[in-house]
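Here is a short report on a protein model. Look through the sequence and the structure before reading on.

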Amino acid sequence: MSAPVRLAESPSTGTARGGVSLAEALNRALADAMAADERVVVYGEDVGKLGGVFRVTDGLAERFGEQRCFDSPLAESGIVGTAIGMAMFGLRPVVELQFDGFSYPAFNQVVSHLAKLRYRSQGRLDLPVVIRIPYGGGIGSVEHHSESPEVYYAHTAGLKVVTPSTPSDAYALLRAAIDCPDPVVFLEPKRRYWEREDVTLPSPAVALGSAAVRREGRDVTVLAYGPTVPVALAAAEEAVGEGWSVEVVDVRSLSPLDEETIVASARRTGRVVVVQEAPRLAGYGAELAAVVGEGAFGWLEAPVQRVTGFDTPYPPARFEGWYLPDADRVLDAIAVAMAY
Amino acid sequence: MRTDPSVGLETRLALYETMYRIRTFEKRAYDLFLSGLVKGTSHLSLGQEAIAAGFGEAMREDDWSFATYRGHAHALARRVPMAAIMGELMGRACGLMAGKGGSMHLTSVEHHMMGSYAIVGAHLPIAAGAALTAQQLGTGQVAVCFFGDGATNIGAFHEALNLAAVWRLPVVFVCENNLYMEYTPIAAVTAVPRPAADRASAYGLEPIVVDGNDADVVLETAARVLDRARSGEGPSLVEALTYRHGGHSRADPGKYRPDDEVATWLARDPVLRYRERLLDGGLEAGVIEGVERAVDDAVAEATEAARSSPPPDPDLLYRDVFADGGASWRN
């Protein structure tokens with residue numbers, strides 16, 4: 001039996017096995033960042049020897065040694081707390097919190113300290129910490145393993161929050177996050193880990209704070225991020241049959257937010273649908289709706305429509321299909337917007 | 001009372017000067033609170049000065065201090081200028097953080113005073129992270145983390161102790177056990193009699209309980225555990241027994257404490273006790289009085305400097321949220 005190929009040692013060219021998966025792109029971004037800067041340190045639960053439950057850190061400990069990539073105790077407050085102490089004094093920790101729901105035990109460290117120490121220290125402390133969190137549903141798991149906690153972090157001043165939807169963005173945004181002197185909450189759409197894209201890494205740089213128009217259209221703008229971008233694109237494709245031209249904007253940076261791109265698109269189409277997996281009340285879509293209202297009110301033909309998860313705990317697998325926004329629900333919202 | 005003959009006169013005077021400075025400064029701060037010049041709340045270390053002074057004296061200049069909301073003493077022990085601290089308490093432009101931190105968040109990177117953390121227990125993992133950096137970069141620095149007895153029952157305490165022990169980090173955890181978790185006796189809410197030391201064995205550490213009101217004992221203990229950390233032998237957990245002369249915070253007169261308990265601890269006042277020891281050791285009263293006068297003058301000067309400093313520029317509110325110096329797109 002031949003030795004297993006470790007991801008971190010095999011450059012992803014985009015040709016093998018039909019492109020690069022999102023997980024592989026993240027792995028490559030970590031490896032390239034670690035190779036470029038010896039201050040980059042990767043740790044968390046099961047990220048060292050195992051290579052992470054989603055294999056995102058596969059091969060890093062082997063390639064860079066156990067001082068640069070290691071296993072931590074199961075202690076999320078300890079993981080983020082130590083990352084703060086490390087970042088204060090010159091290291092650039094990239095920590096993994098294994099699932100969305102597991103990030104809550106670390107919430108105090110993130111919100112009360114990581115986000116605030118720069119302000120509190122009069123700008124004397126840099127906090128270049130990246131907190132990677134696999135988030136969102138669609139993998140048949142229940143609450144704690146399928147949640148969308150993005151607004152908790154986006155609401156907190158001092159944090160940057162990004163979420164890629166494609167392998168090339170996953171690479172570029174993670175490199176940008178690691179280079180960023182501010183703390184970044186990096187939300188990885190876990191059900192998209194295995195989706196592949198024909199791309200050559202390293203992919204072109206992406207600045208934090210920029211949205212991307214994924215598909216141009218004239219009639220309706222769909223604003224989506226992370227796991228819901230492919231859902232929005234599928235709906236846009238189906239809308240062609242109805243004679244509707246749908247623009248899809250991948251918000252991808254929740255804080256800072258690229259208001260310019262979003263407002264410009266809303267002004268072009270005059271109709272906006274926002275899509276999120278998270279529950280509806282006070283979700284990120286509400287912020288997007290407000291931004292559109294403030295910036296494009298005079299251009300709107302219809303109220304902003306929201307397609308969201310429900311205001312319930314995230315349900316077990318058998319309910320998941322009803323809970324998660326799918327292309328049909330997005331199409332329904334497009335139809336409502338078009339009816340005005 | 002035992003005294004270590006190797007501790008020279010200069011060090012003894014420095015210990016006394018630091019304790020007396022903390023005592024005088026905090027009494028003045030309390031007066032300013034009562035007169036309305038300091039807003040918000042504050043938490044004083046009156047009665048607990050020997051711990052900050054003893055560790056402050058033993059620490060290398062580039063060792064890091066991590067403190068709690070009861071942190072004035074540690075900032076003073078690390079020689080953060082008094083006018084900057086007083087100005088911060090009063091919310092003035094001359095304040096240590098230009099009035100943006102306040103009493104509970106004193107932070108001075110250049111004095112290696114790495115912050116006062118007002119969420120109980122949160123700074124133990126952060127101090128461990130600092131120690132991890134020192135270990136990885138081989139700087140020889142030690143992180144010293146001070147916290148109260150109440151912190152020993154929160155998860156972050158146990159997370160930090162465990163990972164510091166597993167990774168043999170150069171960190172010293174110092175529990176200032178003043179017997180009360182805010183208003184509640186720590187014994188009433190803790191499964192073991194010694195809230196810190198009785199947990200040490202769970203992390204493979206030596207249980208250390210010392211008289212936190214004896215500056216010589218604290219100094220000697222600090223020197224030993226700092227050496228251990230610096231030589232790569234890993235963390236220590238020190239439980240220093242002490243007592244607040246006042247209540248938990250400004251609003252608390254501390255009436256829930258039995259009179260005889262208060263009297264017993266007032267008789268163990270670390271500052272008066274050390275003064276007597278210096279006199280018993282043959283030091284002339286005039287030398288001590290000279291130190292005291294200089295401190296009194298410096299506190300008066302710092303108070304005046306803070307009082308005459310203007311309020312901060314409102315524009316500061318929006319500064320330093322992000323690395324670009326601003327609050328970015330938010331405002």
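The side chain of B:Thr68 reaches the backbone nitrogen of B:Arg70, at 2.9 Å. This is a polar contact: a pair of N or O atoms within 3.5 Å, where within protein one must be able to donate a hydrogen and the other to accept it, and residues adjacent in sequence count only if both atoms are side-chain atoms. B:Thr68 belongs to strand β1 (residues 64-68) of chain B. Strands (E, at least two residues) and helices (H or I, at least four) are DSSP runs, numbered from the N terminus. B:Thr68 is buried, at 9% relative accessible area. Buried means under 20%, exposed over 50%, and partly exposed in between, with a 1.4 Å probe and protein chains only.

B:Thr68 also has contacts (heavy atoms within 4.5 Å). Leaving aside neighbours within four places in sequence, these include B:Ser116, B:His123 and B:Phe146.

The model is predicted: local features need pLDDT of at least 70, side-chain atom pairs count only at pLDDT 80 or more, and totals for chains, interfaces and linings use all residues. Residues are numbered from 1 along each chain as its sequence is written, chains are lettered from A and ligands numbered from 1 in the order in which they are written, and side-chain values use heavy atoms, with hydrogens and water left out.

**Aromatic rings**

Rings of Phe, Tyr and Trp (its six-membered ring) pair if their centres lie within 6.5 Å; planes under 30 degrees apart count as stacked, over 60 as edge-to-face and the rest as tilted. Over all chains, the count is 24 aromatic pairs. B:Tyr180 and B:Tyr256 form a tilted pair, because their planes stand at 55° with the centres 5.6 Å apart. B:Tyr180 lies in strand β5 (residues 180-181) of chain B and B:Tyr256 in the loop between β8 (236-241) and α9 (259-266), so the pair ties together parts 76 residues apart in sequence.

A second pair, B:Tyr243 and B:Trp265, is stacked, with 5.4 Å centre to centre and 10° between the planes. B:Tyr243 lies in the loop between β8 and α9 of chain B and B:Trp265 in helix α9, so this pair links parts 22 residues apart in sequence.

B:Arg257 lies over its face, at 6.0 Å from the ring centre. For such a charge over a ring, NZ of Lys or CZ of Arg is within 6 Å of the ring centre and within 35 degrees of the ring normal. In chain A, A:Arg267 lies over the face of A:Trp299, at 3.9 Å from the ring centre.

**Where the chains meet**

Chain A has 46 residues in contact with 38 residues of chain B. About 3500 Å² is buried between them, and carbon and sulfur atoms give 66% of this. Buried area is the accessible area (1.4 Å probe) that two parts lose on being put together, summed over both. A:Phe89, A:Tyr119 and A:Arg120 supply 22% of the area that chain A buries against chain B, more than any other three residues.

How many salt bridges are there between chain A and chain B? The count is one. B:Glu110 forms a salt bridge with A:Arg124, the closest N and O atoms being 2.8 Å apart. The rule asks for a side-chain nitrogen of Lys or Arg within 4 Å of a carboxyl oxygen of Asp or Glu.
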